[in-house]
Amino acid sequence: ASSYSAGANTQTSSSTSQSPSGGVLNKFDIGQALRFGAQVVNAINAGSGNRNNSSFSSNSSSGHYSSSATASSSALFNNSLNKPAFVSKFARPLTSSELTVLSKYDVVIVLDKSGSMDERDCPGGMSRWDWCRDQMMSLTAQISSVFKTGITVALYSSDYDIFRNVDLSYVTRIFGENSPSGGTYTGKVMAAVFDDYFARRASNPNTRKLLVQVVTDGDPSDKGALIAAISRASQMINSPGEITVNFLQIGHEEAGARTLAKLDSNMASEGAKFDIVRVEPFAVVEHEGLPRALADATN
């Protein structure tokens with residue numbers, strides 16, 4: 001797939017709207033609207049002067065971690081009803097009880113940014129990558145009241161990056177600085193996410209349960225490494241609910257669907273101690289959205 005540039009005007013999605021009288025209105029470019037929204041959020045954030053970002057390298061030979069001190073999101077919750085400033089029309093909003101349940105987990109969102117994420121087969125004519133941005137903006141806007149310091153987000157293709165303390169404004173920065181390219185090496189990033197959790201658990205026995213949401217469109221380039229990482233993690237936990245890995249397939253690639261089905265139903269034959277994997281097909285995800293899928297994974 002061709003490489004997608006977040007700033008390019010040539011790779012945009014448009015749809016035509018009808019006026020009530022039947023006339024055709026101006027075309028609405030969803031990708032451009034998302035980018036404009038990101039620019040507005042960043043402008044608000046820049047004006048506040050509250051964010052102080054820092055980064056550090058992990059000991060891993062691949063990938064790196066980024067840490068951000070999270071500023072207050074009060075500017076983004078500025079109406080009397082305290083509703084999120086951004087809730088995607090392609091995602092059902094979360095309830096207060098669902099937010100309470102999610103707050104009991106350490107949440108990590110793992111996003112595929114391989115070259116095929118350029119494919120435009122998502123609701124509204126969006127690319128898979130734009131859909132992820134839309135859903136991540138919706139998620140972080142909704143959960144800010146219970147995740148005061150944000151969540152952890154990992155991007156991966158042939159390599160990976162892991163970002164901590166991610167809130168709504170940080171999401172726009174991440175997507176503004178990254179675009180789809182490379183392969184789908186899911187095993188590497190998942191091993192890093194698990195290693196980080198077990199290191200934290202070793203230093204703090206009261207570490208919250210881990211909820212990992214993996215959004216991917218294709219068959220992993222390192223399928224064996226992914227299976228091994230999940231199996232090893234399942235053997236290291238003390239109870240089946242300690243780690244939950246929820247795979248969301250974006251798009252309709254058959255090879256990816258077959259692999260996810262195997263992860264969902266056949267990990268015991270690969271040495272898994274507990275069944276820690278859930279899978280939601282895109283036919284479900286495209287209607288309920290990423291935030292709702294994340295809440296569903298806690299049931």
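Reader: What is the mean pLDDT of the protein?
Author: This is a predicted model, so confidence comes first. Here 70% of the residues reach 70 or more.

Reader: At what angle do helix 3 and helix 8 cross?
Author: Helix 3 spans residues 128-143 and helix 8 spans residues 282-296. Their axes come within 8 Å. The crossing angle is roughly 35°.

Reader: Which residues of helix 8 make the contact with helix 3, and how many residues of the contact are charged?
Author: Helix 3 brings Trp131, Gln135, Met136, Ser138, Leu139 and Gln142. Helix 8 answers with Phe282, Val285, Gly289, Leu290, Pro291 and Leu294. By class, eight residues of this contact are nonpolar and four are polar, which leaves the charged class with no residues.

Reader: How many residues apart are aspartate 106 and arginine 208?
Author: The count of salt bridges comes to 13. In one of them, the side chains of aspartate 106 and arginine 208 meet at 2.8 Å, N to O. Aspartate 106 sits in strand 5 (residues 105-112), while arginine 208 is in the loop between helix 5 (186-203) and strand 8 (209-216). The pair links distant parts of the chain, 102 residues apart.

Reader: Which residues lie nearest the centre of the second largest pocket?
Author: This pocket holds about 310 Å³ of space. Strand 5, strand 6 (151-156), strand 7 (160-166) and helix 5 each give two or more residues to its lining. Of the 21 lining residues, those nearest the centre are Asp106, Val107, Ile151, Thr152 and Arg164.

Reader: How many charged residues line that second largest pocket?
Author: Its lining has 11 nonpolar and four polar residues. The charged ones number six.

Reader: Which helix gives the most to the lining of the largest cavity?
Author: The search finds one cavity of 30 Å³ or more, and its volume is about 30 Å³. Its lining is Tyr156, Thr186, Thr216, Gly218, Pro220, Phe247, Gly256, Thr259 and Leu260. Four of these residues are nonpolar, five are polar and none is charged. Three come from residues 254-265, which is helix 7.

Notes. Residues are numbered from 1 along each chain as its sequence is written. This is a predicted model: local features need pLDDT of at least 70, side-chain atom pairs count only at pLDDT 80 or more; totals for chains, interfaces and linings use all residues. Side-chain values use heavy atoms; hydrogens and water are left out. On a 1 Å grid over the protein atoms alone, a cavity is a set of points where a 1.4 Å probe fits but cannot get out, and a pocket is an open set with protein on both sides within 12 Å along at least five of seven lines; lining residues have an atom within 4 Å of a point. Grid points are joined across faces, edges and corners, and a volume is the space filled by probe spheres set on the points. Helices (H or I, at least four residues) and strands (E, at least two) are DSSP runs, numbered from the N terminus. pLDDT is the predictor's confidence in each residue, from 0 to 100. Axes are lines fitted to C-alpha atoms, for helices over the stretch in contact, and angles run from 0 to 180 degrees between N-to-C directions. Contact means heavy atoms within 4.5 Å. A salt bridge is a side-chain nitrogen of Lys or Arg within 4 Å of a carboxyl oxygen of Asp or Glu.
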